[in-house]
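Let's take a friendly walk through one protein model. Keep the sequence and the 3D view open while you read.

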Amino acid sequence: MFRVGLTGGIGSGKSTVAHVFEILGIPVYYADKEAKRLMNEDPDIRKQVIAHFGEEAYADNILNRRFLAEIVFKDKEKLRLLNSLVHPITIAKAEEWMQKHNTPYVIKEAALIFESGSQEGLDYVIGVSAPLHVRIQRTMKRDGVSRDEVLHRMQNQIQESIKMRLCDFVIRNDDQHLVLPQALALHEKLKKLAVGQEKELI
């Protein structure tokens, strides 16, 4: 079974692409959602977040995402600190999750695959690419934030052109390319690669 990463810059539409693979029967681990869940539910992480960012990091016993975002997206050191609290356990949970499946491949969807170093545990990485103006508009609409806030967040991710060069495959999610045919073609390719791997093992 192949372990495949799925990544892209903020607003690229990687979650949309992940849902397409789910429809095709491929299990998807949503690392960013799992990280948010752990920050809400894991007592050790909660304790560390409060210790470093204050009681305001949680409001009504729920993670105050807007408060944290205001801090970490304007201070790279604080962002690194937060990631150091959350990434190791999220990566470990993904590893546990992957071992439970026996499909030709599984997908780990995460924004910061290369930034967190988690590509080391993956066989392939798929990148989702979209034009900058599209990514900005999508994120502004989705998160209800200003253009400047989106640009601040983007500064904390690897530049998309570099990120796409690091990927093994790229799906273009823009007005010129339909996502479904690209995902279907890649799905077939990965299944064939998995069969080839099985033959080598035999």
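## A loop, a helix pair and a buried side

Start with Asp175, which sits in the loop that lies between strand E7 (169-172) and helix H10 (179-201). Bear in mind that this is a predicted model. Is Asp175 buried or exposed? Asp175 has a relative accessible area of 73%, and exposed means over 50%, so this residue counts as exposed. Compare its place with that of Arg80: Asp175 and Arg80 are 95 residues apart in sequence, and from C-alpha to C-alpha they are 34 Å apart in space.

Now turn to a pair of helices. Two packed helices are described by the angle between their axes and the distance between the axes. Here are the values for helix H3 and helix H5.

| Feature | Value |
|---|---|
| Residues of helix H3 | 43-53 |
| Residues of helix H5 | 76-98 |
| Angle of packing, H3 and H5 | about 175 degrees |
| Distance between the axes, H3 and H5 | 11 Å |

Because angles over 145 degrees count as roughly antiparallel, H3 is roughly antiparallel to H5. Which residues meet where H3 packs with H5? From H3 come Ile45, Gln48, Val49, His52 and Phe53, and they meet Lys78, Leu81, Leu82, Leu85, Val86 and Ile89 of H5. Sorted by class, this contact has eight nonpolar, two polar and one charged residues.

Finally, look at helix H8 (residues 147-154), where Val150, Arg153 and Met154 are buried. These residues cover an arc of only 100 degrees around the axis, so they lie on the same side of H8. Helix H7 (132-143) is included in what covers the buried residues of H8.

Definitions and conventions:
Residues are numbered from 1 along each chain as its sequence is written. This is a predicted model: local features need pLDDT of at least 70, side-chain atom pairs count only at pLDDT 80 or more; totals for chains, interfaces and linings use all residues. Side-chain values use heavy atoms; hydrogens and water are left out. Axes are lines fitted to C-alpha atoms, for helices over the stretch in contact, and angles run from 0 to 180 degrees between N-to-C directions. Helices (H or I, at least four residues) and strands (E, at least two) are DSSP runs, numbered from the N terminus. Angles under 35 degrees count as roughly parallel, over 145 as roughly antiparallel, 65 to 115 as roughly perpendicular and the rest as oblique. Contact means heavy atoms within 4.5 Å. Ala, Val, Leu, Ile, Met, Phe, Trp, Tyr, Cys and Pro count as nonpolar, Asp, Glu, Lys and Arg as charged, and the others, Gly among them, as polar. Buried means under 20% relative accessible area, exposed over 50%, partly exposed in between (1.4 Å probe, protein chains only). The arc is that of the directions from the helix axis to the C-beta atoms.
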